[in-house]
Amino acid sequence: MPRGLSRRALLLGAAAAGTVLVAPAITAPQASAASGATTSRTQTVSAFPRAREVGDGRTYQALSASDLNPTGFYLAPDVALEVTVSQATAEEHILVVGAPDAEIDEAKRAVREYPLKKGKVTVTDPFGGPIYWKVIGHRGYLRATLGSAAARMPFFIHGTTTESEFQDQLDARDTPYAELVSSHALVTVQIEAARRFRGEDHARLMSTFEEIIGIEDALAGLDDTSALHARLDHRYHFVTRAAGIEGVGAFATHGHMLFPAPIQDRLLTVDALRLRGWGVYHELGHQHQQTVYKPSALTESTVNWYSLAVNRKFGTLYGQAPRLHVPESTGETVWSSAVPKIGIEGVDFLTTFTIMEQLVMYEQLRLAYGDALFRDVHRLVREEKPEPGDYDDNDYRLGMLVYYLSKAAGADLREYAAAWGIRYRPSIAEDIAALALPQPEQDLTAIRDEDGAALAAQVLASPTLRRANGLG
C-alpha cells in the first residue's frame with residue numbers, strides 16, 4: 001500500500017471520494033463510507049489480524065484494541081436470527097452478540113461468539129445485545145446478510161449520519177443500546193444515556209474521539225510512516241455500563257474500556273470530553289502502553305504519558321487546565337510537591353513519589369528533549385524487539401525504562417534516574433554505559449514547566465474556564 005496510509009485509512013479515503021479502492025490483501029471492498037460501517041443488512045467486512053497478535057508481534061502494547069466490527073443492529077434475547085453468508089474467505093468468521101462488560105448482571109457481561117460458514121446459520125442468544133462481526137486473518141473477507149430478527153439500533157456513523165437522522169433514530173428505535181462509530185473509535189452506550197445526552201453535536205463528539213486517539217497514537221509513534229509503525233486497523237472500543245463500580249472509576253482490558261454511569265458525561269458530552277476527560281485519555285492510554293519498560297509498579301504511571309499528551313494539546317485548543325499545575329487536595333500542585341523530593345537521602349522512585357509526582361520526571365525529560373522523546377522510545381522498542389521480561393520484574397523493566405529513555409534522548413540518563421531513585425539491574429546499567437552516550441547538557445532536575453504553570457494561572461483566573469474544568 002502507499003507509504004504513510006493504513007489499510008483502514010485507504011478504505012475511508014476512497015469511500016469519501018466516492019470511489020471503490022481495494023487494498024492489496026483484500027479481495028472485496030468495504031461496505032460504506034465510514035471505515036466499513038454501514039446500516040445495510042448485507043455487509044462486507046475485511047479481515048484483520050487478531051488484535052492481540054498485533055500487540056504481541058508488532059506494537060508491544062500491553063493491552064489490545066478491539067477485534068469487533070459494529071453492524072448497527074441488535075439481537076433480542078432468545079430470538080432466532082438467520083444469517084446468510086455468501087462469501088467467507090478469511091481464516092475465521094464469527095458473529096458476536098453482546099457489548100463486553102456492558103451489562104449490570106455479571107453473568108451477561110462476556111460476549112458470545114457464533115462461528116459462521118458459507119450458507120445459512122441460525123443464531124439464538126440467551127441474553128441478546130449489539131451484534132458484531134469478528135473476521136480474523138491476514139487476507140480475505142466476510143460478506144453476510146442479517147435476517148429480519150436483527151433490529152436496527154440508533155447508529156451514528158461519523159461523516160455519514162447527520163445529526164437530524166440520529167435524533168430521529170433515538171426517537172424511533174427502542175433497542176437497549178445505541179452506538180457511535182468513527183474511523184478509530186467505537187462507542188457503545190445504553191439507550192437511556194444516549195437519550196439523556198442527545199443534545200450534543202455528535203459529529204463534534206466523534207471528531208474529539210478521533211483527536212484524542214490521534215494524539216495518543218502520535219505519542220506512541222503509530223504514524224503510518226512504515227508498516228512497522230502503522231496505526232492500528234482495529235478500533236478502540238469505549239463501552240458504558242448503567243451502574244457504578246465500587247472503588248473503580250473506569251477500567252481498561254483487552255479489547256475495550258469500561259466507563260460506568262457516574263462518569264459518562266466525560267465520555268458522551270463534547271465539553272466534558274475536551275476539558276474533563278482525563279479518565280478517558282487514561283484508559284485509552286492503557287491500550288497504548290508498551291510492556292518492555294512497564295513493570296506492574298508503573299502500570300498507573302507510564303499510562304499518563306498519553307493522558308498528559310492530550311492534556312497539553314487540549315489546553316491549547318480548548319482551555320483544559322494543565323493537570324500537574326492545578327492544586328491537589330493538599331493545596332500543592334504536583335510539580336511543587338515532587339521537586340523537593342528529588343535527590344533526597346534514600347529516595348526511591350516507587351515509594352517516595354506518588355504516581356502523579358512520578359509524572360514530573362517524565363515531564364522534565366520531555367521539556368529537555370522534546371515531544372519526540374516518547375515517540376522514539378516506542379519506535380525503538382518496535383524496531384529492536386527486546387525481551388519483554390515479566391510483568392512483576394521491577395529490576396528488569398525499570399532498567400529498560402532508563403535504557404530506552406537514554407537511547408531516545410541520545411544522553412546517558414543513569415545519574416538523572418538515580419536522583420529520582422530508580423533502581424534496576426546492574427547489568428542494564430552496563431548496557432547503558434556501553435552505548436557511550438554523552439551526559440545531559442543541563443541539570444535535568446532543575447527544569448521547570450513555566451509554560452504549563454502560566455497556562456494554569458490563566459485558566460484558574462477565569463471563572464468560566466474554572467467551571468468548565470470542574471474546578472469550581
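The questions and answers below take these topics in turn.

User: What is the average pLDDT of the protein chain?

Analyst: This is a predicted model, in which local features need pLDDT of at least 70, side-chain atom pairs count only at pLDDT 80 or more, and totals for chains, interfaces and linings use all residues. Residues are numbered from 1 along each chain as its sequence is written, and side-chain values use heavy atoms, with hydrogens and water left out. pLDDT is the predictor's confidence in each residue, from 0 to 100. At least 70 is reached by 92% of the residues, and the chain average is 92.

User: Within what arc do the buried residues of α3 fall?

Analyst: Helices (H or I, at least four residues) and strands (E, at least two) are DSSP runs, numbered from the N terminus. In α3, residues 163-172, the buried ones (under 20% relative accessible area, with exposed over 50% and partly exposed in between; 1.4 Å probe, protein chains only) are Phe166, Gln167, Gln169 and Leu170. They line one face of the helix, because the directions from the helix axis to their C-beta atoms span an arc of 155°.

User: Which exposed residues does the face of α3 turned away from its buried side carry?

Analyst: The buried side is covered by elements including β10 (155-157), β11 (177-181), α4 (191-196) and α5 (202-219). The face turned away from it carries Asp168, Asp171 and Ala172.

User: Against which helices do the buried residues of α16 pack?

Analyst: Helix α16 covers residues 426-434 and buries Ile428, Ala429 and Ile432. These fall within an arc of 105°, so they line one face. On the other side, Pro426, Glu430 and Ala434 are exposed. The packing partners of the buried residues are α14 (394-409) and α15 (414-419).

User: Is Ala436 buried or exposed?

Analyst: Ala436 sits in the loop between α16 and α17 (450-461). Although not a glycine, Ala436 has a positive phi of about 55°. With a relative accessible area of 64%, Ala436 is exposed.

User: Where does Asp78 lie?

Analyst: Asp78 also has a positive phi, near 60°, and is not a glycine. Its relative accessible area is 58%, which makes Asp78 exposed. Asp78 lies in the loop between β2 (69-75) and β3 (80-88).

Conventions
Contact means heavy atoms within 4.5 Å.
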